[in-house]
Amino acid sequence: MSRHGGPEVLELVERSDPVAGPGEVLVRVGAVAVNRLDIWVRADVGHAYAARLPVVPGYDVAGEVVSVGASVSDVAVGQEVYVHYDYACGRCAYCLEGDEAACAAYEVMGVQRDGGYAELVVAPARNIFALPATLSPDIAAAAGSVYLTAHHMLFARAGLRPGETVLVNAGGSGVGGAAIALARMAGARLIATASTETKRVRLRAAGVEHAVDYAEDGWPERVRALTGGRGVDVAVDHVGGAAFAGALASLANRGRLVLCGASSGPHAEIDLVDVFARQVAIIGSSDGSRRELAEVFRLLGEGLLAPPPIAAVLPLERAADAQALLESRDHFGRVLLDPRLPAE
Ligand SMILES: [Zn+2]
């Protein structure tokens, strides 16, 4: 991607192979997940997501180690790994706490550094996470960023406790599905929203107690009714706009709304009196710590956490189609690119 714009700015080009420098690892990409952030970066949404062009997009990568640079001793050639996407200073107060997304020097693979819409990717050794034997690169790429983001939202930011009720907006999306799997594992009761009956049926099959149509007027009242009029303890949103306002209205008094995206746009109209009169909390959340990422892979590897459904796996040549599928919201589950697949 050498400029911002529509899907046409994704160009398949030949580049020389990257080389692992000192402290770095070269990975053959087995799978890269296509994320909403890839589309924001392409369209230039700004903030921390301003790309350094030209850039290879894609930050959710798993594959096999091809070579290691000088002074790398704890990563082996042939190992199956997830490539973490965070770059940060490693020394400020936020980094020392593991909250690298809050670091002033925070950068992301696929945004400011070359990412995984490619056959090969190079990354610092500290970004390399060995996969448990039971976890395939496909599942790791599909799970990585969305499970990390959802883990950080639910536990580090919203302080979810067992037995609480959680509302997940757009439960059929990547991060929505991850929030459902993690909240279920933690013993929460779940309500989710989805736009089609097909998705709502699949959400109920995934353990969601009630699936609500957010295209319906007054759906927040319906959520409140499903909780005996009390409202939910925690609401997870990444949609923004009316969905964000609806999630806020669905909260119990002193409930927490945690937000990690705004896929419908950056603005929402909310009732500020409701925020203080009912003492609700609006919490921003981004990314998660390396400790949380290791925890997610352990839980998946031990089978304690349900893996994400995979909607489609496409060759690299169809990156634009993969992003269009994500934007269409017609899919259920994660969309992956596999650079080893032949062009169709
Ligand atoms: Zn830092």
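**Entry 1: a pair to start with.** I looked up R204 and found that it forms a salt bridge with E197, with 3.4 Å between the closest N and O atoms. For this term I noted the rule: a side-chain nitrogen of Lys or Arg lies within 4 Å of a carboxyl oxygen of Asp or Glu. The model is a predicted one, where local features need pLDDT of at least 70 and side-chain atom pairs count only at pLDDT 80 or more, while totals for chains, interfaces and linings use all residues. Residues are numbered from 1 along each chain as its sequence is written, and side-chain values use heavy atoms, with hydrogens and water left out.

My cut-offs here are under 20% for buried, over 50% for exposed, and partly exposed in between (1.4 Å probe, protein chains only).

**Entry 2: the network around them.** Which residues join this pair in a network? Salt bridges link E197, R200, R204 and D213. I then checked R200, which sits in helix α5, residues 197-205. Helices and strands are DSSP runs numbered from the N terminus (H or I, at least four residues, for helices; E, at least two, for strands). R200 counts as buried, with 10% relative accessibility. Contact means heavy atoms within 4.5 Å. Beyond four places in sequence, R200 touches A194, S195, A211, V212 and D213.

Entry 3: D60 belongs to strand β2 (residues 60-68) and R334 to strand β15 (residues 334-337), so the pair ties together parts 274 residues apart in sequence. Both D60 and R334 are buried.

I also looked at D338 and R340, whose side chains meet in a salt bridge at 3.1 Å, N to O. D338 is buried, at 9% relative accessible area, whereas R340 counts as exposed, at 54%.

**Entry 4: two buried residues.** I went to N169, in the loop between β8 (165-168) and α4 (174-185). N169 is buried, with a relative accessible area of 1%. Leaving out residues up to four places away in sequence, N169 touches several others, among them T193, W219, D237, H238 and F244.

Next came Y147, in helix α3, residues 137-157. Y147 is buried as well, at 2% relative accessible area.

**Entry 5: backbone details.** I found a cis peptide bond from L53 to P54, with omega near -5 degrees. P54 is in the loop between α1 (36-43) and β2.

Where does R254 lie? R254 is in strand β12, residues 251-259. Its phi is near 65 degrees, a positive value in a residue other than glycine, and R254 counts as exposed at 62% relative accessibility. R329 has a positive phi too, near 60 degrees. R329 is in the loop between α10 (319-328) and β15, and is partly exposed at 31% relative accessible area.

**Entry 6: the whole chain.** How many helices and strands are there? I noted ten helices and 15 strands. The C-alpha trace spans about 60 × 40 × 35 Å along its principal axes. A compact globule of 344 residues would have a radius of gyration near 20 Å, and the chain agrees with 20 Å. That radius is taken over C-alpha atoms, and the globule rule is 2.2 Å times the number of residues to the power 0.38.

Buried residues make up 53% of the 344. Among contacts between residues at least 6 apart in sequence, 72% join residues at least 24 apart.
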